Amino acid sequence: MEHSERQKKECAYERRGGRWRSPPTKRRRRHHVFGVPPRRCTPPPPRAPFMRGLQRRSLARISSGEAPSRWWCSSRRIVGAKIGAVRYHGRTTRGRRGRPLGGRRDHDGGRGRRRRGGRLRRGPCHRGPAHHSVGRLRREWPFPAEGSGHNKGLSFTEKERDAHYLRGLLPPAVLPQELQEKRLLQNVRDLKDPLQRYMFLMDLQERNERLFYKLMIDNVEELLPVVYTPTVGEACQKYGSIFRRSQGLYISLKDRGRVLEVLRNWREKSIQVIVVTDGERILGLGDLGCQGMGIPVGKLALYTALGGVRPSACLPITIDVGTNNEELLNDEFYIGLRQKRATGQEYAELLDEFMAAVKQNYGQKVLVQFEDFANHNAFTLLEKYRPTHLAFNDDIQGTAAVVLAGLIAGLKFVGGTLADHTFLFFGAGEAGTGIAELVALEISMQSKVSQEDARKNIWLVDSKGLIVSSRKDSIQPFKKLYAHEHEPVKDLLSAIKDIKPTALIGSAGVGQSFTKEVIEAMSSINKRPIILALSNPTSRSECTAEQAYSWSQGRAIFGSGSPFDPVKYNEKLFVPAQANNAYIFPGFGLGVVISGAIRVKDDMVLAAAEGLAEQVSSEHFDKGLIYPPFSSIRKISANIAARVAAKAYDLGLASHLPRPRDLVKYAESCMYSPIYRSYR
Ligand SMILES: NC(=O)c1ccc[n+]([C@@H]2O[C@H](COP(=O)([O-])OP(=O)(O)OC[C@H]3O[C@@H](n4cnc5c(N)ncnc54)[C@H](O)[C@@H]3O)[C@@H](O)[C@H]2O)c1
């Protein structure tokens, strides 16, 4: 077909990326689809300069957050009406007669339609304003409002600065990412106050995401205590005063009936991991209400830095049902609801609505990690949602896996298997009973005995003393399994003398509860007593590393929840192990994500623990370590992920088929890399 002169003039197709794009009107698009050879088209006219100005102003509006949160995928609606010259980067895949092809794409390149119910319909665009704008880099620079995944700061090359209108907005020097990292590390080290360091790193995460993660990955041992426990505890306590920008999603009692709508306001659609808290038991610090947000934010930063889950696939959520913390209720800077905690049906209904909305919005392959819920809710929620959701509780299952791995490794010094030893837990909450259950499961699998029999060597002490059968009627259901026949015992020291445990595991959140007498009693019973002081933050630790080593004359195999510096005792250097959940949950999450698992089973948690324990080599044992060093955490996470994914495939819970042949390699290849990308 010949082009008429008029047609040639009107034809504004532009050849980009091997395709013809951006037809100005529907009529002209048809004209192309029906048989007009695209090569005859004239190039598009240059864009009018005033359009650029208009667009830039509108983008500033978007970036400053002034524009509405719901965006419609239509040039005639919000974006287009204001911007005029918006050029969509959404792709159209067209088949015969110009009809959109099916397949993965649910988006039609910005004409207000997306695939719902098998058909293309008009509707809200789930990708938000970023999807519609030209020059995503410029949109984020210098307004880092919608995430900072594209920012490179001084690392933008000359070419990128030209292509993305950044010239003049940056100083002339072009620095490599490594140099930026070196400078920032120096900046962090110059700050003496840990809270200042925390705020510095959070600012960096918002400003330049890739640089933040590069810094984290390369200096994980140094920065982990800043981004997570113990500093995050202080940050949560002062969250209202240091609040700068919202870092996650807040769902409060006010949102009942529209939780789904609130979830849809989040900028990213493709979410793989959610960490959610209700702030009732933040670390060992108690009820911090809405200010518990620091925990999901910190945990998800570790999911990315240590486990390689994409940052854009992570969603931190705080469910605000009020707080019983009087200090916060009277704090003028408190950021949450000023009311007492909702309980009972009101609480359960909000949680139900939340979990249903999560499934509806993100499907069933999104991992929902419950974090720092008080134990009266944590067990109930996990039991309730495990059968229907991909639910995981790090305080119960994550802690259990990391401690079990430590015990397995610790027994290499002591000798014998788990079944040969007795374990005493000080604290029978989420952490204590979670660990006890997993230890019992491992014993039952190793020794082919029932789990009930396996529990017989495990004893728990709670605030009322040793859990024994005579207390059965007055204790919570999850403790009843450990109510063995024994005389009532009120204090820990007497319990140790009676039970004679090999390992003493503290998870009561009571600082300095492993006194000199306690450690000495453990040392008199065992040649190498295993002492795990798990309570966080450092102030709640049952004893310090120095106390454990000196009171046991250097014989203790010590691990703690919060980090302690190496200790010199009798001219020998002892490196305390950190039983940090960060060994497990990032790798566990990655395993779940790469296999597309739809449920979490105990066997998968057990696989994670075994995956961690097997990475403690003889070289580590020589140094007295019961965990591998954190510096190789990405490798550790990839191995754990492979073990978890393998178990998910074995159990028929994985949905990503076919099963990759080499799961470790596959896990490594799926990990997020913080190296800057090049932009055209
Ligand atoms: N990997 C880790 O290091 C790790 C992981 C999870 C939890 N933790 C820490 O463990 C601690 C407890 O966490 P949780 O989730 O089990 O809390 P929780 O509230 O569920 O349980 C606390 C338990 O301690 C008992 N307790 C309280 N005071 C006591 C006392 N004076 N004497 C004896 N028992 C007492 C309670 O009865 C309860 O059973 C916290 O400090 C938390 O930070 C550490």
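Helices (H or I, at least four residues) and strands (E, at least two) are DSSP runs, numbered from the N terminus. By that naming, Gln512 falls in the loop between β13 and α23 (516-525). Its phi is near 55°, a positive value in a residue other than glycine.

This is a predicted model, in which local features need pLDDT of at least 70, side-chain atom pairs count only at pLDDT 80 or more, and totals for chains, interfaces and linings use all residues. Residues are numbered from 1 along each chain as its sequence is written, and side-chain values use heavy atoms, with hydrogens and water left out.

**Domains**

The chain is divided into domain 1 (158-227), domain 2 (239-389) and domain 3 (396-582). These bounds come from an automatic or database domain assignment. The C-alpha centres of domain 1 and domain 2 lie 28 Å apart. Their contact (heavy atoms within 4.5 Å) takes 15 residues from domain 1 and 15 residues from domain 2.

Two strands pair if DSSP finds at least two bridges between them. Axes here are lines fitted to C-alpha atoms, for helices over the stretch in contact, and angles run from 0 to 180 degrees between N-to-C directions.

Strands β6 (residues 273-277) and β8 (residues 367-370) run parallel and are joined by four bridges. Within this pair, Val273 has Leu367 of β8 as its bridge partner.

**The seven-stranded sheet**

A second sheet, also open, has seven strands in the order β12-β11-β10-β13-β14-β15-β18. Its pairing is mixed. The edge strands are β12 (465-466) and β18 (577-578), and each pairs on one side only. β10 (residues 423-426) and β13 (residues 503-506) pair in the parallel sense over four bridges. Phe425 stands opposite Ile505 in β13.

Two helices contact this sheet. Helix α22 (residues 492-499) packs on β10, β11 (458-462), β12 and β13, its direction making about 170° with that of β10. Helix α18 (residues 394-414) lies across β10, β13, β14 (530-533) and β15 (557-560), running at about 155° to β14.

| Peptide bond | Omega | Loop holding the proline |
|---|---|---|
| Asn536 to Pro537, cis | near -15° | between β14 and α24 (545-551) |
| Leu657 to Pro658, cis | near 0° | between α28 (633-650) and α29 (663-670) |

**Cavities**

On a 1 Å grid over the protein atoms alone, a cavity is a set of points where a 1.4 Å probe fits but cannot get out, and lining residues have an atom within 4 Å of a point. Grid points are joined across faces, edges and corners, and a volume is the space filled by probe spheres set on the points. Three cavities of 30 Å³ or more are counted.

Tyr198, Met199, Met202, Asp203, Glu206, Tyr239, Ile242, Phe243, Arg244, Arg245 and Gln247 line the largest cavity. α8 (194-207) and α12 (239-242) are the elements that give two or more residues to this lining. The largest share, five residues, comes from α8. Domain 1 and domain 2 each supply at least three residues of the lining.

By class, the lining has six nonpolar, one polar and four charged residues. Ala, Val, Leu, Ile, Met, Phe, Trp, Tyr, Cys and Pro count as nonpolar, Asp, Glu, Lys and Arg as charged, and the others, Gly among them, as polar.

Notes: On a 1 Å grid over the protein atoms alone, a cavity is a set of points where a 1.4 Å probe fits but cannot get out, and a pocket is an open set with protein on both sides within 12 Å along at least five of seven lines; lining residues have an atom within 4 Å of a point.
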